[in-house]
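Here's a quick briefing to read alongside the model. Have the sequence and the 3D view open as you go.

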Amino acid sequence: MAWEATVSHTYKKKEDIFPMQTAETDHTKEEVRGFYEKMRVFRTGFRKSAPSTFTGPPDEAYAMLDKFELELREFEAEAVEMNELEELFELPVSKYQEMADTRSELKQLKLLWDFRVMVNATFESWKVFLWTDIDTEALESFTNKLKQRIKKMGDRNQTMKQWSTYRDTETWVKNMAITLPLVSELHSPSMRDRHWKNLATVCHSAPLKPNDPKFCLEDLLALELHKHADDVADVVE
């Protein structure tokens with residue numbers, strides 16, 4: 001009788017515990033669903049507001065990246081907690097692909113903006129080169145390396161190639177690669193005042209003064225020679 005009483009008592013406890021476990025399991029499922037919905041909202045906001053189409057100053061772009069990085073870390077920590085609860089109540093462990101995609105794209109955006117800042121700083125530093133001192137061969141060589149580098153970045157990260165910030169940066173580098181050979185041609189000793197006047201005309205520019213000691217690469221970059229490549233070639237010819 002004692003044994004039967006013990007068995008009866010055990011089943012009684014299980015009957016008491018089972019509804020509690022069921023309630024906790026259902027609560028966990030609701031928590032997981034709620035977390036998933038929050039993650040979807042975050043992902044939508046990231047795709048809408050991340051600096052993948054941003055053309056403003058880099059410090060603002062980095063501030064956006066820092067904000068999303070902080071939020072994503074919080075989601076990643078919460079995802080670990082959700083998975084632990086799922087394991088505790090023997091539920092299927094959820095995987096959050098959108099979270100993984102966001103982490104990957106954050107890394108790509110940081111890489112892209114670091115490259116963009118470097119390109120900007122490089123091209124800005126070139127502007128002060130005086131006309132008589134411009135080493136176009138060295139500048140062309142470096143620009144071609146930049147072209148190769150951004151191409152590799154895009155080839156390795158197909159998502160990055162869809163972003164307008166990537167395409168703008170790539171175009172920026174390509175335009176410089178077109179401009180520098182034209183600058184080299186303009187160094188021809190055959191260039192006369194009338195040719196410089198023709199150049200100003202085709203580029204819709206104010207008169208150019210190549211004999212001015214302060215004449216520098218910035219004056220030529222302002223002409224946007226890449227937009228008038230054929231006309232510039234004709235002038236030199």
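**Overall build**

Among contacts in the chain (heavy atoms within 4.5 Å) between residues at least 6 apart in sequence, 77% join residues at least 24 apart. Bear in mind that this is a predicted model, where local features need pLDDT of at least 70, side-chain atom pairs count only at pLDDT 80 or more, and totals for chains, interfaces and linings use all residues. Residues are numbered from 1 along each chain as its sequence is written, and side-chain values use heavy atoms, with hydrogens and water left out.

**Fold and dimensions**

- The chain has eight helices and zero strands, with helices (H or I, at least four residues) and strands (E, at least two) taken as DSSP runs numbered from the N terminus.
- The radius of gyration is 31 Å, well over the 18 Å that the globule rule gives for 237 residues, so the chain is more spread out than a compact globule. That radius is taken over C-alpha atoms, and the globule rule is 2.2 Å times the number of residues to the power 0.38.
- Along its principal axes, the C-alpha trace spans about 120 × 25 × 25 Å.

**Surface and charge**

- Of the 237 residues, 35% count as buried; buried means under 20% relative accessible area, exposed over 50%, and partly exposed in between (1.4 Å probe, protein chains only).
- The accessible surface comes to about 15100 Å², and 52% of that belongs to carbon and sulfur atoms. Areas come from the Shrake-Rupley method with a 1.4 Å probe, and for residues only the protein chains shown count as cover.
- The chain carries 33 positive and 43 negative charges, and their mean positions are 3 Å apart. Lys and Arg count as positive and Asp and Glu as negative, while His and the chain ends are not counted; each charge is placed at NZ of Lys, CZ of Arg, CG of Asp or CD of Glu.

**The nonpolar core**

- The largest nonpolar core has 50 residues, and those with the most contacts inside it are Met99, Trp131, Leu186, Trp196, Leu199, Leu220 and Leu225. Such a core is a set of buried Ala, Val, Leu, Ile, Met, Phe, Trp, Tyr and Cys residues joined through side-chain atoms within 4.5 Å.
- At least two residues of this core come from each of α1 (2-49), α2 (58-88), α3 (97-126), α4 (136-156), α5 (164-186), α6 (193-202), α7 (217-221) and α8 (229-236).
- The largest share, eight residues, comes from α3.
- Leaving out residues up to four places away in sequence, Trp131 touches Val183, Leu186, His187, Trp196, Pro210, Phe215, Cys216 and Leu220.

- Val32 sits in helix α1 and is buried, with a relative accessible area of 11%. Not counting residues up to four places away in sequence, Val32 touches Met82, Glu86, Ser94 and Tyr96.
- Glu78 is in helix α2 and is partly exposed, at 24% relative accessible area. With residues up to four places away in sequence set aside, Glu78 touches Phe35 and Lys38.
- Glu78 and Leu146 are 68 residues apart in sequence and 40 Å apart in space, C-alpha to C-alpha.

**Positive phi in the loops**

- Glu90, in the loop between α2 and α3, has a phi near 55 degrees, a positive value in a residue other than glycine. Glu90 is exposed, with a relative accessible area of 75%.
- His204 lies in the loop between α6 and α7 and has a positive phi of about 55 degrees although it is not a glycine. His204 is exposed, at 70% relative accessible area.
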